[in-house]
Amino acid sequence: MRLFNPWEMGQDQTKQQIEKGLHLYQSNQTEKALRVWMRVLEKSADPAGRFRVLGCLITAHAEMGRYKDMLKAHHVIRLQEQFAVVQIDTARELEDPDFLTESYLNLARSNEKLCEFQKTISYCKTCLNMQGTTVSMQLNGQVSLSMGNAFLGLSIFQKALECFEKALRYAHNNDDKMLECRVCCSLGNFYTQIKDYEKALFFPCKAAELVNDYGKGWSLKYRAMSQYHMAVAYRKLGRLADAMDCCEESMKIALQHGDRPLQALCLLCFADIHRSRRDVQTAFPRYDSSMSIMTEIGNRLGLVQVLLGVTKCWMIQKELDKALESIEKAQELAEGLGNKLGLLKLHCLCERIYRTKEQQQELRDHVVKFHECVEEMELYCGMCGESIGEKNNQLQALPCSHFFHLKCLQTNGTRGCPNCRRLSVKPGYV
């Protein structure tokens, strides 16, 4: 027989304290919220309540990028991932398949934030293979989104687009506007990477519309993320004033909420805007600030983007040896992540540098490596054979998630995908 412990929380008190923490968190009193939830975790005797409070702690750590307190010398204690593992143990104790699916999703998200993309994909597949109830099925859209983000981090574009399309379908079928908003932001990132800047702007604009129409009770993070992705697309389109306005609005919300990951992204965007204006002296300190936060929170993919920007600044100043130093650091990170698009961009920059330095052997090496990356990522149109992602081009995806130049599809037409021969009678969903 289990003895009563007066210091333990019962089911009702656990629920009340979780709600208290949520109210504090939504009021931007993050530290107080975390203290309340940690107390629940320590004192609650209710397994279901412990599961829920672990979910709150995972979400808070993910959104706030709270890793700096866990930095000790060269070792990073990944607290968010630890919470997710404890949550899985709690779900197994409860013998609840829905809780188990949710806990594996949280573990996948934790690894996504830490840029452990292969682990993310593995945990997402575990979620999709579980036989839960209707509740678990409703999580499949979020699972598909996280898997798509991981495939995008690995530059596996067709699989990324396939996952985003599935996530968007789940969002529409379940009338889940929050999920639709998040998918639209990811699609904005996707089309930014393959350089269809019209679509890169369209999708975050769609996300902003969803926030305006349905987001009265949503967290401001949804507005902030849509504004950030709009800023990135506007910069790529050369609309620098619009990019600055959107980035400033996103940064304002990020500062209000103490959202360190978004602050780092905004600082990177600010730096890129100033670099686009050829104002490298203003760009450099923003790159430095962004790099500092991204190092702190473990965003290695973001660090690759920062180092690419820094490299381009050194090239503007014709400091080619310093540019090569930045490339070397970025290459080590990109190889560790398996980010093939980052490697392609680095080979392209090396090609330009060695052409200027008239070092023919190094130039040839990087030309070969560049084309190997293009082949590996299948970044070419299956109709005209020209590359995709080299310059801004309107693209169109087919239902199989292979994508082509829109002009090629319009000119030639197709009854099936030239890449996989799957029959298609209409354009893809995204």
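Good morning. The structure holds zero disulfides, a disulfide being a pair of cysteine sulfur atoms within 2.5 Å. In general terms, a disulfide is a covalent bond between the sulfur atoms of two cysteines.

Before I continue, a word on the source. This is a predicted model, in which local features need pLDDT of at least 70, side-chain atom pairs count only at pLDDT 80 or more, and totals for chains, interfaces and linings use all residues. Residues are numbered from 1 along each chain as its sequence is written, and side-chain values use heavy atoms, with hydrogens and water left out.

Let me return to the cysteines. For Cys-184, the closest cysteine sulfur is that of Cys-181, 6.9 Å away, which is too far for a bond. Cys-184 is buried, at a relative accessible area of 2%; buried means under 20% relative accessible area, exposed over 50%, and partly exposed in between, with a 1.4 Å probe and protein chains only. For Cys-269, the closest cysteine sulfur belongs to Cys-247, and the separation of 3.9 Å is again too far for a bond. Cys-269 is also buried, with 3% relative accessibility.

Now the overall picture. The protein has 20 helices and four strands; these are DSSP runs, helices being H or I with at least four residues and strands E with at least two, numbered from the N terminus. Of its 430 residues, 52% count as buried. Among contacts with a separation of 6 or more, 58% join residues 24 or more positions apart, where contact means heavy atoms within 4.5 Å.

I turn to two helix pairs. How do the axes of α9 and α10 cross? Helix α9, residues 157-173, and helix α10, residues 177-193, have axes that come within 9 Å and cross at roughly 160°. Axes are lines fitted to C-alpha atoms, for helices over the stretch in contact, and angles run from 0 to 180 degrees between N-to-C directions. The two helices are therefore roughly antiparallel, a term for angles over 145 degrees, while those under 35 count as roughly parallel, 65 to 115 as roughly perpendicular and the rest as oblique. On the α9 side, the contact includes Phe-157, Leu-161 and Phe-164, and on the α10 side it includes Val-183, Leu-187 and Phe-190. By class, its residues are 12 nonpolar, three polar and one charged. Here Ala, Val, Leu, Ile, Met, Phe, Trp, Tyr, Cys and Pro count as nonpolar, Asp, Glu, Lys and Arg as charged, and the others, Gly among them, as polar.

The second pair is α14, residues 260-276, and α16, residues 300-316, which pack at about 20° with axes 10 Å apart. These helices are therefore roughly parallel. Leu-268, Asp-272 and Arg-275 of α14 meet residues of α16 that include Val-306, Lys-312 and Cys-313.

Finally, some individual residues. Tyr-354 sits in helix α18, residues 340-357, and is buried at 13% relative accessible area. Beyond its neighbours within four places in sequence, Tyr-354 contacts Leu-324, Gln-359, Glu-362, Leu-363 and His-366.

Where does Glu-358 lie? Glu-358 is in the loop between α18 and α19, the latter spanning 360-377. Its phi is positive, about 55°, although Glu-358 is not a glycine, and the residue is exposed at 65%. Cys-115, in the loop between α5 and α6, likewise has a positive phi, near 65°, but Cys-115 is buried at 6% relative accessibility.
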